[in-house]
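I opened this model to look up the build of its chains, a few strand pairings and the contact between the chains. My entries are in the order in which I looked.

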Amino acid sequence: MTATLTARTVVDADLAQLPGRAAELLLDGHRLALVAAHHDGPGAPGGRAVRVVYLFVSGPPDTRTELHVRLDADAPELPTLARLSFPGGRFEREMRDLYGIVPLDHPLPHRLVRHFHWPRGWYPMAPDAGPPPPFAESEGPYPFLEVEGDGVYEIPVGPVHAGLIEPGHFRFSVVGETIIKLKARLWFVHKGVEKLFEGRTPERGLPLAERVSGDTAVGHALAYCLAVEEAAGLGVSDDARRARALLLELERLHNHVADLGALCNDVGHGILNAQTQRVREHLLRLNQEVTGHRLLRGGVVLGGSELLCVPTAARLRAVGDDIRSIVTLALGHTTVRDRFTGTARLRPEAARDLGCLGYAARASGLPGDARISHPAYDDYGAALTVPVHTTGDVLARFLVRAEETDVSLALAEHLADGLSAGRAVARPPRSGLAEPGSGVGIVEGWRGTITTRVETGPEGTLRRVKIADPSFFNWPALPVALADTIVPDFPLANKSFNLSYAGNDL
Amino acid sequence: MNAAGAVGPAAVAAQVAAVVAGAPLLAGLMRQVRARLEGRAGPGIAQPWRDLRKLMRKEPITPVGTGPAFRTAPLLLVASTAVVAALMPLASTATPAGVRSDLILVVALLALGTVALALAGLDTGTAFGGMGASREMTVAALVEPTILLAVFALSIPAGSTNLAAIVSGGIHDSARLASPAGLLATAALAVAVLAETGRLPVDNPATHLELTMVHEAMVLEYAGPDLALVELGAHMRLTVLLGLLASLAAPWGIATTASAAAVALGLVLFAVKVALLGAALAAAEVFWAKLRLFRIPELLAGSFLLALLAVTASYFLTGE
């Protein structure tokens with residue numbers, strides 16, 4: 001049996017109609033999952049143009065609607081959706097920085113991706129961009145907003161930090177110890193991943209997708225594979241889809257466990273971190289046995305999956321017992337609980353307005369989960385529940401993770417039962433995909449919903465791959481949650497969101 | 001007489017030498033205890049000495065624009081702590097320095113080191129230096145009165161603020177130590193020592209998170225030999241403060257006569273007592289977490305209250 005491919009509605013919209021259509025879809029309960037720009041050559045249907053695809057999704061039932069608009073190839077401009085959708089405004093800024101597409105009347109027209117030393121007029125995603133030129137005439141300074149007033153001072157942190165973490169610059173405006181405003185400046189790690197996909201065969205694109213964000217190998221690989229399979233009309237067997245669901249839960253487990261320990265470590269309770277590191281090491285070794293890689297690379301392949309072995313229920317239960325006792329100890333510690341409670345609150349309205357995803361959203365009362373709204377596998381059984389908390393503080397994000405590890409262990413046990421080791425590829429992926437096509441993959445990665453949209457060219461090569469990591473949606477929530485938090489609580493709040501820099505900045 | 005006359009200065013020198021040489025070992029011991037309790041192997045107790053040796057061999061670097069406050073602070077910190085080590089009756093009360101070991105002088109010397117570092121933090125002109133200095137001063141302003149008051153409570157039965165007199169009083173009249181005043185003062189002093197030395201639950205000496213730091217944030221700009229001095233100074237402060245606690249709460253074994261054997265025994269017992277206290281503190285820290293910054297004043301106000309109660313109790317319950 002093969003999976004039924006999810007139908008996508010594609011609407012060619014007029015530029016003038018775009019805001020109206022988008023508003024209708026948003027009102028109808030859709031969310032803007034992804035915006036991708038494409039350079040259509042003269043041979044494309046409709047001729048040479050810059051084509052922008054807006055992907056709106058909702059579920060259940062799984063609904064995916066695309067609005068396509070065509071812009072002038074030489075002076076691309078489009079009406080902004082920033083007033084309708086906050087993520088929409090950020091996607092537009094990203095497109096302007098990478099493609100030069102101007103969002104007209106944007107309420108927050110600052111640069112997003114472009115650092116000040118990027119050469120003026122050079123757009124890396126343009127077809128004729130070529131290799132990056134040397135730093136030249138810059139776009140000019142990009143000053144931080146200065147908060148003025150009695151006793152306000154600034155603390156600049158990063159982009160190089162004291163620990164082994166990715167680069168990001170944080171500018172705190174502080175009175176005493178209370179944060180008045182935090183500005184996070186990211187995009188220090190622009191690698192041009194989306195450009196690197198262009199022209200590759202789908203098989204050669206997979207290793208790239210696995211490495212979009214090191215801790216989300218399965219999530220990104222799966223979203224990419226689902227998109228390519230849809231574009232190529234490839235069916236995937238039930239067994240392979242079950243194995244992929246299992247891998248996704250194994251990824252959620254090792255990341256959540258590491259975070260649970262890191263949150264305890266950030267409040268100075270190191271012993272629980274030492275214990276979670278031990279549990280995590282068990283999980284990583286299990287990953288190695290299951291896929292041959294500690295971070296689960298190689299488990300998801302185009303058209304199927306490959307397992308070297310299947311985890312036993314006894315091992316999963318032993319891990320579960322360990323995690324539960326660690327969580328009980330953490331929550332029973334008065335100081336730890338006091339540090340977690342009420343810290344860095346993200347209100348449900350703010351989380352909804354910002355379009356937050358994943359555990360950050362579920363800790364603020366938004367129950368979104370792509371395993372339910374956009375299921376790539378449907379036999380999760382009774383084990384799949386979505387824990388939701390409403391307080392939106394560090395404690396809520398800790399609790400959501402703790403409960404999700406429980407759910408993941410139950411799911412992994414359920415999924416592993418009935419799976420056998422081996423390579424399950426329904427049809428060997430054809431080296432040349434016959435016709436140009438497009439596909440969308442939506443996956444609930446451990447950090448949140450990952451959306452990947454793929455367009456293939458006539459020779460079956462990748463023409464455009466657009467990846468929307470949940471971090472892209474969640475980063476703006478961090479400064480919002482931190483208002484009125486004290487400076488020494490920032491690392492704890494930051495860890496409770498644990499957003500990816502690499503996945504955000506492709 | 002000559003031999004006895006030489007023992008006193010020798011005891012002072014031995015105390016200082018023991019503190020300087022032993023302080024990094026104490027820090028190493030505490031880290032090792034913590035590592036073992038957390039199930040880690042740990043680097044061994046000599047690791048802080050190896051770190052100091054490494055730092056000492058590096059070239060000295062000072063940030064552009066820093067002045068004398070930054071350059072002199074490490075020396076001032078180590079020197080003032082060494083003087084405290086000389087003054088305090090750690091191994092012997094019968095030293096030439098003992099007559100000068102006034103309680104207020106000792107607390108002032110400790111405060112001098114704190115202030116020197118805070119000024120150095122401000123001198124760097126960085127946000128972290130200023131932030132750390134501000135936090136350290138907040139903590140210090142709450143801790144110093146507690147130390148003063150706690151030792152003052154212990155000084156009432158001795159009738160003197162001279163530490164040597166207080167300690168020898170404790171040796172001869174052990175009942176004082178178990179009195180309500182003695183116990184309350186010891187408890188207050190213990191909390192104050194935690195705060196003063198930047199231990200959990202006030203500060204986390206093991207963190208790499210610059211925004212949560214108190215003590216470490218002030219000294220972020222130090223490198224090479226200066227950093228070695230700052231680290232050595234921090235280890236020495238921990239040693240003398242634990243030594244002060246040990247001398248006041250458990251003074252047995254401290255030499256009260258100028259005999260070489262008694263001083264030697266006192267030194268050994270001092271090392272044992274401080275090592276035990278340090279190990280106990282490290283073990284306790286495993287079970288603690290760091291308090292929210294704004295809760296620290298509550299903790300320190302509590303310890304101040306204990307010290308105040310100790311003073312009150314020593315007046316009313318002893319009827320002196």
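The entries below go from the whole of chain A to its strands, then to chain B.

**Entry 1: what I am looking at.** I note first that this is a predicted model.

**Entry 2: chain A overall.** I looked up the secondary structure and found 16 helices and 15 strands in chain A. I then checked how compact the chain is. Its radius of gyration is 22 Å, close to the 23 Å that the globule rule gives for 506 residues, so chain A is as compact as a globular protein of that length. I also took the extent of the C-alpha trace along its principal axes, and chain A spans about 70 × 65 × 45 Å. For burial I read that 51% of the 506 residues of chain A count as buried. Among contacts in chain A with a separation of 6 or more, 69% are between residues 24 or more positions apart.

**Entry 3: an annotated span in chain A.** I looked up the UniProt record, an unreviewed entry, and it lists residues 36-125 of chain A as "domain: NADH:ubiquinone oxidoreductase 30kDa subunit". In the model this span is 16% helix and 33% strand, and its end C-alpha atoms lie 11 Å apart.

**Entry 4: a three-stranded sheet.** In what order do the strands of the open sheet of three strands run? I read the order as β7-β8-β9 in chain A, with antiparallel pairing. The edge strands are β7 (152-157) and β9 (178-185) of chain A, each of which pairs on one side only. From one strand to the next the twist averages 20 degrees.

I followed one pairing further. Strand β8 of chain A, residues 169-175, pairs with β9(A) over seven bridges in the antiparallel sense. Across this pairing, F170(A) stands opposite A184(A) of β9(A), and V175(A) has T178(A) as its bridge partner. β8(A) and β9(A) form a hairpin with two residues between them. In that turn I noted G176(A), whose phi is positive at about 65 degrees.

**Entry 5: a second hairpin in chain A.** Strands β10 (residues 300-301) and β11 (residues 304-307) of chain A pair in the antiparallel sense over two bridges. V301(A) stands opposite G304(A) in β11(A). The hairpin of β10(A) and β11(A) has two residues between the strands, and I found G303(A) there with a positive phi near 85 degrees.

**Entry 6: where chain B touches chain A.** I looked up the contacts between the chains: 23 residues of chain B are in contact with 26 residues of chain A. On the chain B side I sorted the residues by class and have 14 nonpolar, four polar and five charged.

**Entry 7: annotated spans in chain B.** The UniProt record, an unreviewed entry, gives "transmembrane region" for several spans of chain B, among them 73-91 and 177-195. I checked these two in the model. Residues 73-91 of chain B are 79% helix and 0% strand, with end C-alpha atoms 28 Å apart. Residues 177-195 of chain B are 95% helix and 0% strand, and their end C-alpha atoms lie 23 Å apart.

How values were computed: Residues are numbered from 1 along each chain as its sequence is written. Chains are lettered from A and ligands numbered from 1 in the order in which they are written. This is a predicted model: local features need pLDDT of at least 70, side-chain atom pairs count only at pLDDT 80 or more; totals for chains, interfaces and linings use all residues. Two strands pair if DSSP finds at least two bridges between them. Helices (H or I, at least four residues) and strands (E, at least two) are DSSP runs, numbered from the N terminus. Axes are lines fitted to C-alpha atoms, for helices over the stretch in contact, and angles run from 0 to 180 degrees between N-to-C directions. UniProt positions are given in the numbering used here, feature names are shortened, and annotations may be inferred rather than shown by experiment. The radius of gyration is taken over C-alpha atoms; the globule rule is 2.2 Å times the number of residues to the power 0.38. A residue is buried if 20 or more other C-beta atoms lie within 10 Å of its own, exposed if 12 or fewer, and partly exposed in between; C-beta atoms are placed from the backbone. Two residues are in contact if their C-beta atoms, placed from the backbone, lie within 7 Å. Ala, Val, Leu, Ile, Met, Phe, Trp, Tyr, Cys and Pro count as nonpolar, Asp, Glu, Lys and Arg as charged, and the others, Gly among them, as polar.
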